[in-house]
Amino acid sequence: MTEPMTGTAAWVLERCDELTRHTARDDALERVYLSPEHAAANTAVAAWMRDAGLATATDAAGNLWGRRSAAGTPQQPGTRGEPALVLGSHLDTVPDAGRYDGMLGVALAIAVVHRLRGTALPFALEVAGFSDEEGARFGKALLGSCAASGQWDAAWWDQADADGVTLRDAFTAFGLDPGRVGAAARRPQDLVGYLEAHIEQGPELEALGLPLGYVTTIAGARRFVLTVTGEARHAGGTPYARRRDALVAAAHLVTRIEELAVDAGGLATVGELRVSPGAVNVIPGRAELTLDLRARTDAARDALWGRVAAAARDIARERHVSIEHAETHRAPSTTCDERMTAAVVAGIAAASPEFAGRADDVPGLWSPAGHDAMAMAAVTGVGMLFVRCRDGISHHADESVEAADVAAALDAYTAAVLALADK
Ligand code: GLV
Ligand code: MN
Ligand code: MN
Ligand code: MN
């Protein structure tokens, strides 16, 4: 098969296909922070960046960066004195992932740079391939972009993965120096803004019959690990009056969490459940569950957490177990920047026949899913371009986009950069 031309939608889609090779599993896509697959993906994407005319570097948190000067020549990422517009998204995945969440945004950004080869701009251009957005390994999400936006918290170092490897030890094993993580932080005065293209991960654009939209606000999630402790005893010899079954208590809690979230108009997900000791004839003595909470506003999300915590106390009392919680992640909701958003809207209007001359009709969407843009908003204005995905499916191998929508996104993204350059 012949290789598609660089900077085309076919090229973007082929890059997303190619990155599926860098996976921890033969039967599914899984690429978590600081893994061998993460290193291999950085190497592959760096080659594509260099091919687009960017100089590349990996920063002190494992994020991959590429950069060209305003004039259009390769320039060391992070160069000071010539502020850069950053185009980015993430290269990590959830377990059993689709191939577009994150990767589509990085591949589109590189394709935009290809298209702008030979075009001088009033700012430098950087492409970021963030190393951890999902938080699939350590529970805390947005680790890569938090490092890049100077928001690293030393409290995270002791968070451990499922094998007990701490974030600190994983840094060292990857060849990074934990003591140097502060060097990944970008300064506001070195940045013009941050744009991110991403699949929508929801059904709104499909329902509207439109390929593209922009993001108004991004919800901030809170994540917890809840630990239910009862007593492991014999499945035959323990009558119900004597049982303190951690899993039955956890099951009641899970269904109660859903009821509370539905009542509050929020979103609550228990995505992991670990039961121990884990034997067919032993009453579970311990159950550990993860909880992900989201809502339209941080206040609504926090109120929902208050109700979940109260329900956990009630269930613990009724079932004679203890229920403890640890918070692993908290992000504030983020409002996209007016100037960056105006550029995205202008880009969509310029590139889509649906909106010819009608920028006001471009749909603005609330994003219940988290994005690196939330972290980058701490150091610069952010704007986001959403691309329709089939059935709104994401965090699943069936994630899918139409080539025509990717072509529209590429035109709109390029036009958005040119709008910021006022060309
Ligand atoms: C990111 O994918 C999230 O969990 O919002
Ligand atoms: Mn995701
Ligand atoms: Mn994502
Ligand atoms: Mn119940």
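Which residues surround ligand 1? The shell is made up of Glu134, Ala221, Ala369 and Gly370, where a residue is near a molecule if its C-beta atom, placed from the backbone, lies within 6 Å of it. These residues divide into two nonpolar, one polar and one charged; Ala, Val, Leu, Ile, Met, Phe, Trp, Tyr, Cys and Pro count as nonpolar, Asp, Glu, Lys and Arg as charged, and the others, Gly among them, as polar.

The model is a predicted one, in which local features need pLDDT of at least 70, side-chain atom pairs count only at pLDDT 80 or more, and totals for chains, interfaces and linings use all residues. Residues are numbered from 1 along each chain as its sequence is written, while chains are lettered from A and ligands numbered from 1 in the order in which they are written.

Asp101 sits in the loop between strand 3 (84–90) and helix 3 (103–115); helices (H or I, at least four residues) and strands (E, at least two) are DSSP runs, numbered from the N terminus. Asp101 is buried because 26 other C-beta atoms lie within 10 Å. The scale calls a residue buried at 20 or more such atoms within 10 Å of its own C-beta, exposed at 12 or fewer, and partly exposed in between, with C-beta atoms placed from the backbone. His395, in the loop between strand 14 and helix 11, has 17 C-beta neighbours inside 10 Å and so counts as partly exposed. Beyond four places in sequence, the contacts of His395 are Val94, Ala97, Gly98 and Asp101, a contact being two C-beta atoms, placed from the backbone, within 7 Å.

A further "binding site" feature in the UniProt record (unreviewed entry) covers Arg223, Asn281 and Arg294. These positions, spread over 72 residues of sequence, are also spread in space, up to 37.1 Å between C-alpha atoms. Asn281 belongs to the loop between strand 9 (273–276) and strand 10 (286–294), and is exposed because it has 8 C-beta neighbours inside 10 Å. Arg294, by contrast, is in strand 10 and is buried, with 23 other C-beta atoms within 10 Å. Leaving aside neighbours within four places in sequence, Arg294 has contacts including Ala221 and Pro368.

Definitions and conventions:
UniProt positions renumbered as here; feature names shortened; annotations may be inferred.
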